[in-house]
Amino acid sequence: MQVTQWILELVDRITSPLHAATDAAEEATRVIDDTEEVVDRLGETSGKAAGKLEGLGKGMFFLNQLKEGVDNIRDSFNDAIEPGIRFETAVAEMSGITNMEGKELDALADKARNTAKVFGVDAANAMGVYKDLLSKITPELKKAPDALEIMSNNVMTLSKTMQNDVPGASAAMSTAMNQYKVSLDDPMKAAQTMTDYMNIMAAGTVEGSAEIKEVAEALKQTGSVAKTFGVEFAETNAVIQLLDKSGKKGSEGGIALRNTIVKLQAPTTDAVKQLKAAGVSIETMQNQSLSLTDRLRALTPVMHNATIMSALFGGENLASAMALIDGVDQIDTWTEAIQGSTSAVDMAGKQMDTYAEKQKRMQAFIDDLKISFFEFVEPIAPVLEVLGVLVGALVTLGTVAWSIGQIMTLVSIKSSIAWLAGMAKMVVSTVTSSALISTAIYSIPIIGWIALAITAITALVAFLWNKFAGVRAFFYALWNFIKVIFTEYYKFIFNVMKAIIDVINPANWFDDDFHFSDVWDRLSQQALEGGKKVGSAFSDGWKEGMADWEKSHPKDGEKKGDTSFNLNSPLSPVNGQTVLATGGTKATDGKTGLGGKGGSSVKNITMNVTFNNNFRVAGGADVREIADKVKREILAVITDTVPAIG
């Protein structure tokens, strides 16, 4: 029996390339699927980001309104105490100049406040008038507060005729009193004299053309000389008004009047000779018991004699002297008109009857209430101001902290991690599909890019959060510290405000069970407890962060099974072993031999057939189709070999 054995040796040059191709195809498919998922998730993330940004905007608006509310309260408080601060400063200046203090100073301050309410001015300005009168006239007036009050009212009344120029009116009254050397031995009489001067000056402005400021400037130059040589205050004012009409205004008119009076009282020897020769009475010209106009009338016969007039007055004063001699009748008329009048009071009354002045008096009344409020809260005003600034600063810091917290939670941590991984996959897929991905990205609106940038930062924080225990613990500690410090600060401010309310509440003053020391002890204890919480906030947050890390990262983790497709598993044989039997006998396993039926002898032939096949496999070919092709090639070779055997 002859036995033929076929040994078929196949060299595997297919499996490895097919495995690589299959893996590449599966990876490409998976990346594309993940890319689609990432794009979808990016859209969801953009939507969430837009919602968060909208919430952020609303929250910022609320916190900004809160800050504005705190600022408005602080500004309102400062506005309420501002008149008191100004008045206190004015009183301190008064005390420094006059050395007044105690009840004496308080009495004068009360009079200044009354003056302010009557005339609708700031109390500090009213106190400034008292200070000016004491410093410019005499400090001894402080011993006569009633007289000083009358003088102050005179200044205020005159200011109403000067468009509320209080400093100007004060200067005019002080100048008049000082230039005419009004005796202050009787303060009340001096006050009445000032009242007369006030009305004369106001009436003069009605009759003539010079304003009160200009009259005061003229009085500075001629007042003392006029007083010395017996010219009354009313006549002096009338002369100043006449000189003003002649073009000698203000101090220039005062100098002209002074020179004229001096020349009349002390003429040169040559002038006296010429005057006597012309029949002028020197005694009448120099008689101080007469009015100035009567003295000037003595020169009427020679007023057109330039030689005599120049010898008497000098060339520089000639024009003014001739204007006065020519206007003596007008001077007398005005002098009579302005004496004994109440012009200043009448003019001020009309002015104060206007709506604007009524509003000023109402405001002065309100400011007086504010001064009383300041006197009540003065001991704690600095504390309240500091608290206002502190609350404003805390609200501002709270706004910043809240905004950072909102940005940190703009996208949840899990979504951020998934988004980060998805972005990495998108980079891979972009290599093969850059045009499609670029088109998709460029189609994202601007809000999408903003959300992308914010989310990228959040994703980085989230990566560190999940990767490192220390990072998570640090953020827990930092957030807990910020949360506790703001909470305790707000509690402290609330407790301080509550303590202030308890202290200033009049009902508690008459409660036997209420003690101011209890309020302080309670506030101190609350502050101490808050300080302890702030001190331990960071360490408590660190512990909480480490606990959260251990909870989210168990030691015994389970690995997922590998469910990926593997081409390395053994393949089923293409054909089993073939036993060739001669004569057509059947093989022992019931399979028919290649030699056909019949025949009793068996020939065994050993044949080694080596197939070297090289296949070029396209990446997109189907595995089953390739295997079928290989099988057909093998069977064709074997079929061609069998006839050669037999």
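Lysine 220 is partly exposed, at 44% relative accessible area (buried means under 20%, exposed over 50%, and partly exposed in between, with a 1.4 Å probe and protein chains only). The model is predicted, so local features need pLDDT of at least 70 and side-chain atom pairs count only at pLDDT 80 or more, while totals for chains, interfaces and linings use all residues. Residues are numbered from 1 along each chain as its sequence is written, and side-chain values use heavy atoms, with hydrogens and water left out.

Lysine 220 forms a salt bridge with glutamate 217, with 3.7 Å between the closest N and O atoms (a salt bridge is a side-chain nitrogen of Lys or Arg within 4 Å of a carboxyl oxygen of Asp or Glu). The two residues are three apart in helix H7, which means that about one helical turn separates them (helices are DSSP runs of H or I with at least four residues, strands are runs of E with at least two, and both are numbered from the N terminus). Glutamate 217 is partly exposed, at 35%.

The whole structure holds 19 salt bridges. Side chains of opposite charge can pair when their charged atoms come close. Aspartate 368 takes part in two such pairs. Its side chain meets that of arginine 113 at 2.7 Å, N to O. Aspartate 368 sits in helix H17 and arginine 113 in helix H2 (residues 102–119), 255 residues apart, so distant parts of the chain are linked. Aspartate 368 is buried, at 10% relative accessibility. Arginine 113 is also buried, at 10%.

The side chain of aspartate 368 also meets that of lysine 117, at 3.6 Å, N to O. Lysine 117 lies in helix H2 and aspartate 368 in helix H17, so this pair ties together parts 251 residues apart in sequence. Lysine 117 is partly exposed, at 29%. A network of salt bridges links Arg113, Lys117, Asp368 and Glu375.

A nonpolar surface patch is formed by Met362, Phe365, Ile366 and Leu369. Together these residues have about 370 Å² of accessible area (Shrake-Rupley method, 1.4 Å probe, with only the protein chains shown counting as cover for residues). Patch residues have over 30% relative accessible area and no salt bridge; like charges are joined within 9 Å, and nonpolar side chains (Val, Leu, Ile, Met, Phe, Trp, Tyr) within 5 Å. Methionine 362 belongs to helix H17 (residues 355–377). Methionine 362 is partly exposed, at 47%.

Helix H5 spans residues 166–179. Its 14 residues reach 20 Å from first C-alpha to last, close to the 20 Å expected at 1.5 Å a residue (1.5 Å times one less than the number of residues). H5 is mostly covered, with 11 of 14 residues buried. Among them are Val166, Gly168, Met173 and Gln179. The cover includes helices H3 (123–136), H4 (145–160), H6 (187–207), H7 (212–228) and H8 (233–245), with contact meaning heavy atoms within 4.5 Å.

The loop between H4 and H5 holds glutamine 163 and asparagine 164. Most residues other than glycine have a negative phi. Glutamine 163 has a positive phi of about 55°, and asparagine 164 one of about 60°. Glutamine 163 is exposed, at 75%, whereas asparagine 164 is partly exposed, at 28%. After H5 comes lysine 181, with a positive phi near 50°.
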